[in-house]
Amino acid sequence: NLARQLRRDQTDAEAILWGKLRGRQIEGAKFRRQHPMAGYVLDFYCADLGLCVELDGSQHFDEHSVALDEYRTSI
């Protein structure tokens, strides 16, 4: 499962942010890591707020990834 693999292989930035989001530390909001939704895997998601947080690292800088990110943003 891709989401499980991404949770296991998180980036340094994801680990730092997860340390701040986990355990309802911010206003009691429950966040999930690497949450599958509509064919994508969201870095962090809070269902109660309908809030998604994406961290873009170097994996988003190549031409193909830029095009995919632009498409995802447009929908």
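Predicted model: local features only at pLDDT ≥ 70, side-chain atom pairs only at ≥ 80, totals over all residues.

The strands form an open sheet of 3 strands in the order β1-β2-β3, and their pairing is antiparallel. At the edges lie β1, which covers residues 32-37, and β3, which covers residues 51-53, each of them pairing on one side only. From one strand to the next, the twist averages 55°.

Between β1 and β2, the latter spanning residues 40-46, there are 5 bridges, and these two strands run antiparallel. Within this part of the sheet, Pro36 has Val41 in β2 as its bridge partner.

## The helix on the sheet

Helix α2, made up of residues 12-21, packs on the sheet and touches β1, β2 and β3, while its direction makes about 35° with that of β2.

## The cysteines

The model has 0 disulfides by the distance rule applied here, which requires a pair of cysteine sulfur atoms within 2.5 Å. Cys46 takes part in no disulfide, since the nearest cysteine sulfur, that of Cys52, is 11 Å away. Seen from Cys52, the closest cysteine sulfur is that of Cys46, and the separation of 11 Å is too far for a bond.

Key
Residues numbered from 1 in each chain as written. Heavy atoms only, no water. Pairing = 2+ DSSP bridges. Helix = DSSP H or I, 4+ residues; strand = E, 2+ residues; numbered from the N terminus. Axes fitted to C-alpha atoms, helices over the stretch in contact; angles between N-to-C directions. Contact = heavy atoms within 4.5 Å.
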